Amino acid sequence: VPIPESPVDHWRLLLNALFTPEEVLWIGETTDSGKPQHAARFRPVQAWLAEPKAPGPLTVPASFTAGAFSRSKANVANRRFLVVESDTLTKPETLALFEWCRGFMPLRAVVDTGGKSLHGWFEFLLLTGDRFEELKIILPELGADPALFREAQPCRLPG
């Protein structure tokens, strides 16, 4: 996939490549959830793409039900991705972790947070039951952040 020259457009690439136009995504700050006034933070991809710039620093690797205003497991409509990242590993170590994960989950995107970490977006639909539970044990032991196993956990949006 061609990567846009300007990093400010990378968020569009992520949304276009990984989600359908109708899927409802949350984009915002961690505090933009839980109250009816936060409903504007839950929009279809096509509505987000009409924005002139990245509408927030964070997103969730899942889509939500229409009418949601709370970033909670109960409102998750579809979770196809597991984001793997680490606050303790170096970028080369994180890339080695991604390579290991590619042995059983397709890698769909890598987001450089602009700091010291990388976020790997993996498809994990086929990873259910025992395999998923094993990953919840193994990945943190390898240095991955266990918080991203939560279905509605925010992660960095490019751009």
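Analyst: The model is predicted.

User: Where does Gln153 lie, and what does Gln153 touch?

Analyst: Gln153 is in the loop between H4 and strand E9 (155-156). Leaving aside residues up to four places away in sequence, Gln153 touches Thr59, Val60, Pro61, Ala147 and Leu148; contact here means heavy atoms within 4.5 Å. The C-alpha atoms of Gln153 and Thr30 are separated by 9.2 Å, although these residues are 123 residues apart along the chain.

User: What lines the largest pocket, and which elements contribute to that lining?

Analyst: The lining comprises 18 residues, and His10, Leu13, Val110, Val111 and Pro158 are those that lie nearest the centre of the pocket. Two or more residues come from each of helix H1 (10-18) and strand E7 (107-112). E7 gives the most, with five residues. The classes are eleven nonpolar, four polar and three charged, and the space in this pocket is about 410 Å³.

User: Why are the buried residues of H1 said to line one face of the helix?

Analyst: The buried residues of H1 are Trp11, Leu14, Leu15 and Leu18. Viewed down the axis of H1, they fall within an arc of 95 degrees, and therefore they line one face of the helix. They pack against strand E1 (24-28), helix H2 (45-49), strand E6 (81-84), E7 and strand E8 (118-123).

User: What puts the buried residues of helix H3 on the same side?

Analyst: In helix H3 (residues 91-101), the buried residues are Thr94, Leu97, Phe98 and Cys101. The arc they cover around the axis is only 100 degrees, so they lie on the same side of H3. Their cover includes E6, E7, E8 and H4.

User: Why is the contact of Arg41 with Asp32 called a salt bridge?

Analyst: The N to O distance between the side chains of Arg41 and Asp32 is 3.6 Å. The criterion asks for a side-chain nitrogen of Lys or Arg within 4 Å of a carboxyl oxygen of Asp or Glu, so the pair qualifies. In general, side chains of opposite charge can pair when their charged atoms come close.

User: How do you know whether Arg41 and Asp32 are buried or partly exposed?

Analyst: Buried means under 20% relative accessible area, and partly exposed runs from there up to the exposed class, over 50%. Asp32 has 15% and is therefore buried. Arg41 has 25% and so counts as partly exposed.

User: How many salt bridges does the structure hold, and what is the distance for Arg102 and Glu99?

Analyst: The structure holds seven salt bridges. In one of them, the side chains of Arg102 and Glu99 meet at 2.9 Å, N to O. Arg102 has 46% relative accessibility and therefore counts as partly exposed.

User: What makes Lys136 and Glu133 a salt bridge, and where do the two residues lie?

Analyst: Their closest N and O atoms are 3.9 Å apart, and the limit is 4 Å, so the pair meets the criterion. Both residues belong to helix H4 (residues 129-141), three residues apart, or about one turn of the helix. Lys136, at 36% relative accessible area, is partly exposed, and Glu133, at 41%, is partly exposed as well.

User: Why is the space lined by Leu82 and Phe149, among others, called a cavity and not a pocket?

Analyst: A cavity is a set of points where a 1.4 Å probe fits but cannot get out, whereas a pocket is an open set. E6 supplies the largest share, three residues. By class, the lining has seven nonpolar residues, no polar residues and one charged residue.

Conventions. Residues numbered from 1 in each chain as written. Predicted model: local features only at pLDDT ≥ 70, side-chain atom pairs only at ≥ 80, totals over all residues. Heavy atoms only, no water. 1 Å grid on protein atoms, 1.4 Å probe; cavity = no way out; pocket = protein on both sides within 12 Å on 5 of 7 lines; lining within 4 Å. Points joined across faces, edges and corners; volume = space filled by probe spheres on them. Helix = DSSP H or I, 4+ residues; strand = E, 2+ residues; numbered from the N terminus. Nonpolar A, V, L, I, M, F, W, Y, C, P; charged D, E, K, R; others polar. Buried < 20%, exposed > 50% of the residue type's maximum accessible area, 1.4 Å probe, protein only. Arc of directions from axis to C-beta.
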